[in-house]
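Please open the model and keep it beside you while you read.

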Amino acid sequence: MAADLGELLVPYMPTIRVPRTGDRVFKSECAFSFDSPESEGGLYVCMNTFLGFGREHVERHYRKTGQSVYMHLKRHVKEKATGAAGGAIPRRRNGKVFLDLELNRDFNGEDYEYEDEAKLVIFPDHFEIPLPNIEELPALVTIACDAVLNAPSAYKKQEPESWEEEIQVSRHARSLRQLDNGVRIPPSGWKCQKCEMRENLWLNLTDGAVLCGKWFFDGSGGNGHALEHYRETNYPLAVKLDTITPDGADVYSFEEEEAVLDPHISEHLSHFGIDMLQMQKRTENGHHTDNNARPRVSEWEVIQESGMKLKAVYGSGYTGIKNLGNSCYLGTVMQVLFSIPDFQRMYVGNLQRIYDYSPLDPTQDFATQMAKLGHGLLSGQYSKPPMKSELIEQVMKEEYKHQQKGVSPRMLKALVSRGHPEFSSNRQQDAQDLLLHIINLVERNSAGSENPSDVFRFLVEERVQCCQTRRVRYTQRVDYCIQLPAPIEAATNREELLAYEAKRKDAEENMRAPPQPVRARIPFTACLQAFTEPENVPDFWSSALQAKSAGVKTSRFASFPEYLLVQIKKFTFGVDWVPKKLDLAIDVPDFLDLNRLRATGLQASEEELPDLMPPIVLPEDTRAPEIDEAAVMQLAEMGFPLEACRKAVYYTGNMGPEMAFNWIIAHMEEPDFAEPLTLPSMIDPGPSTSDSPMGATPLANSPPEESIAILTSMGFPRTHSIQALKATNNNLERALDWIFTHPEEEESDALSDMADTEPNDNTFSNANSHSDSTLSPDRDTSGPRVKDGPGRYELFAFISHMGASTMSGHYVCHIKKEGRWVIYNDHKVCLSERPPKDLGYIYFYHRLSSS
C-alpha cells in the first residue's frame, strides 16, 4: 500500500510545497466564501498556494491553476451528553490539527467537545488519503502536511505583528533635545508652515514645526516638508497631530525610518502646550469621570435600544458582521453600503464573473473580497433562524442562548487596511474616514467598469468674493459627503444648558457630586443654516488687488447625488487638547428638500476676479538644489545619461533610486531627456504679455514640473497628468483622485454616461451659467461623472457612535428595510423598536423620484 500511495503521488510531487517563513496558510476560511473547517463540507487547503477553499469553490481553483493536491480539514463539533464526566471526552486522533485555529462560534468548553480530521484529496478523482499516514507517504509529502497542520492561521499570525511587535521604542525618546523657542500649538486650525496643507500634519518634537508628511500612491499624504525639515535640521522625532489621544499618539522617527514608541510623549507634547498629563488626570479623576460617564451610559442604552425585547430577524439582508475587536466601524459601513442597490448589483449581481476572473490569489483582490462579503450578507446562507427542536430544548433548559453567528470581515479588513497606518491597527477608528477610504478603493478598482460609488459623487460650487472689490470667482470640486456643523448656540434648551453649566461649576468648586448632565437639542435647520453661511477665507489673495485681502466663501450644490451622505461634526478638541464628543441630539428629518441650495453660478450683476495666481516668491537663497548624488551615481551606473539621472532624482524629491528609476522610464522618449537640469528660479523670466499684470501668473500656465514628475513616475501618461493637475488647481491628492475617476479610455464614453443620469437637467448647466449655455464635448468629457437630479431625499440609514472619541467606543447602524427599521449591532440583527435618529453620526439619504 505504501508503494501504491508513493506511486500515486509521484506526478504531483513538483506541485507540493512546504510552507516557508512568510507563507500564510489560509486554513480557517475560504477565499471566496465564509466556509470553514466547521462547515458541512469542511475546507480544502491547496498544497501549493496554501489558499483555503470551500467545497463549492475548490473545483474552480483546480480548473484555473491545475493544482490537484489539497488538504481537507474538517472539525466535528458536538454537545456533550448530559451528565457526561470530564473523563468521557473523546480522544482526538489529530490533536494538533487546529492548534492555532480559533472556534467560529461561542463555545463553552464544558458543554462542547470536538474532533478534528484531515486528509489529502487528489483532484479531479477525489482520491482521499487519511492523515497522519507517515509510513505510507513520501517524506516530502509528510513534512509538507505536518507543516501545514502546525502552521498558525494566516490572520492569527498577522494580528499581533501588525501593532504590538513591530513598533519599538525610539532610541531618541529618552535623550530628545527640545528647543525653548516659545512655540505653543493650538488645539485646531493647523496648517503646514511651508505649503499651507491642512491634512497629514506632523509636529516636530524638537522645535515645534508643523509640516506636512509624504505623498503616497493612495492619494494620502502631503508634499514631504516634514522630511525636508529633518534633512535640514536632523531633528529626529515627529508626532502626527490628529492622532493625539489620552492613550498616546503616532510617532515617527526620521532617523530610524519607521514608526516608533515614545514613552515620554506626554512630557514632549507638554513642552508645546499640549497637556497629555492633564488629559490623563481628567479621565482618571473620580468626579470628572462620573461627570463624563453618565451621558455616555445613557447614550449606550438609547442607541443600542437596551432594555427592550428586540425581535431577531433572519434571512437575506439580515446577516450580522462579527466584531473582530474594535472593528465595528467597518461592520456598520459595509452593512449600509450593501443595502444600496448599486453596490449589490456591482458585487453580488456579478458574483460569478468576478470569481471566474479573479487573480490567482483572490485574498488580495478587492472586487473578490467585496463580492464575498456582499454575498455573505445578502444570501441568507449565514442568517438562518434556530430549528424548532433547538427552541424547545432551550425552553426545557430555561436557557435562551441562541445567537446569530454572522460573517467575519477578517479577509476584507486585512486587504483594505493594508499599508494604512490607522486601519491596519487593532484600535477603534472613525467610521467616516473608513467610508471615504472604501469609496476611494471602489473608485480605483472600477476603472473601465460600473462604478457604484458614482451614486455618492456630487459637485460643489464654491463662490469666493473679495470683500474689498466685491468681485467673485466660481470654482467646482468633487465631494462625496456634506459635513454639518452643530451650533450649540442654536440649542432649543439653551437656558437648561446654561443652568446645568452653572451647577456643574458650583459643584466642582465646592467638591460636590456633579449634576445630571443635559444633552443639547439642536434643530436640523440650524445645522443646515450654519453649513450654508459664508465663511472667511484664510490668507485670501485677491487677483483684482494683486495683494492679500479679506475674502468670504459660500458653497452650494452644483449637482445633487443619488445618495446623500450627511456627517454631523460631533467631535472636537478642547482648549486643553482633550478630545471630546459633543453631547447633543439633532432632530434629523425623514424627508429632506435641498433644492433651495442649488448653485446658480455667475449672476449678471457680478464681476469675476481675474484668472491670475499669486506671484511666485523665490527664496533669497538661490543655491543649486540638494540632490542625492549617491542615487544619481547608482542610476548612472545603469547606463543612463548623468543629467537625466540628476533630473530624475530632483523631480522625485530625493525619494530614492527606485522612484527616480520610474521617472526615467516614463520620460526616456522626451526630446530634452538628457539635457541639463534647469529650475524656475534659475530661468530668466520670459517676456510678459501686455495684459498680464506685473508679478501675476495666468492660471492657464502648465502645472509645476515636480508635480507632473511625481504622477508620471507612477506610470500615468504626461498629458493625462497635466490635465489632472489643471483640473484640480495643482493639488496632488485631488489630481490622483481625478485620474482614477477619469481614465483615458473612458473619456470617449463620458457623453454616453451623461445620458444615463437623471433627465432632470444638464449636469453642469447650473454650475457654470456664466459660460456658454451649450457645453462643448471637451468640457463634458473632462468633468467627473455625476448622477444629478432633484434635491429631495428620504432617510434610509444612519450610523451611530457611542463613546467619548472616535478612537474608542462602539458603532451600530440602523437601516430601513421593507418599511421597518432594523438595528445591526455587530452579529446581532433585530427589528428596531425606537430608532434613535437624533443621536446619529452619519446619515444616509436616497433621492426621491420626481413623480
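This is a predicted model: local features need pLDDT of at least 70, side-chain atom pairs count only at pLDDT 80 or more; totals for chains, interfaces and linings use all residues.

1. Helix α12. This helix runs over residues 366-378 and has 13 residues. At 1.5 Å a residue it should span 18 Å, and its end C-alpha atoms are 18 Å apart, so the two agree. Twelve of the 13 residues are buried. Among them are F366, M370, L373 and L377. What covers the buried residues? The cover includes α9, α10, α11, α14 and α15. After the helix comes G380, with a positive phi near 80 degrees.

2. Helix α17. This one covers residues 524-532. Its buried residues are F524, A526, C527, L528 and T532. They pack against strands, namely β14, β15, β19, β23 and β24.

3. Cysteines. How many disulfides does the structure hold? It holds zero. C192 is in no disulfide, and its nearest cysteine sulfur, in C195, is 3.7 Å away. That distance is too far for a bond, because a disulfide needs sulfur atoms within 2.5 Å. C192 counts as buried, at 1% relative accessibility. C195 counts as partly exposed, at 26%.

4. Salt bridges. The structure holds 32 of them. Side chains of opposite charge can pair when their charged atoms come close.
   - R17 pairs with D23, with the closest N and O atoms 3.4 Å apart. R17 is partly exposed, at 22% relative accessible area.
   - K787 meets D342 at 3.6 Å, N to O. K787 lies in the loop between α25 and β27, and D342 lies in helix α10, so the pair ties together parts that are 445 residues apart in sequence. K787 is partly exposed at 24%, whereas D342 is buried at 5%.
   - R504 pairs with E501, and here the closest N and O atoms are 2.5 Å apart. Both lie in helix α16, three residues apart, so about one helical turn separates them. R504 is buried at 18%, while E501 is partly exposed at 28%.

5. A network. Salt bridges with shared partners join D342, R345, E450 and K787 into one network.

6. A surface patch. Which residues form the nonpolar patch on the surface? They are M638, F661, I665 and M668, with about 350 Å² of accessible area together. I665 lies in helix α20, residues 657-667. I665 counts as partly exposed, at 47% relative accessibility.

How values were computed:
Residues are numbered from 1 along each chain as its sequence is written. Side-chain values use heavy atoms; hydrogens and water are left out. Patches are made of residues with over 30% relative accessible area and no salt bridge: like charges are joined within 9 Å, nonpolar side chains (Val, Leu, Ile, Met, Phe, Trp, Tyr) within 5 Å. Accessible areas come from the Shrake-Rupley method with a 1.4 Å probe; for residues, only the protein chains shown count as cover. A salt bridge is a side-chain nitrogen of Lys or Arg within 4 Å of a carboxyl oxygen of Asp or Glu. Helices (H or I, at least four residues) and strands (E, at least two) are DSSP runs, numbered from the N terminus. Buried means under 20% relative accessible area, exposed over 50%, partly exposed in between (1.4 Å probe, protein chains only). The expected span of a helix is 1.5 Å times one less than its number of residues. Contact means heavy atoms within 4.5 Å.
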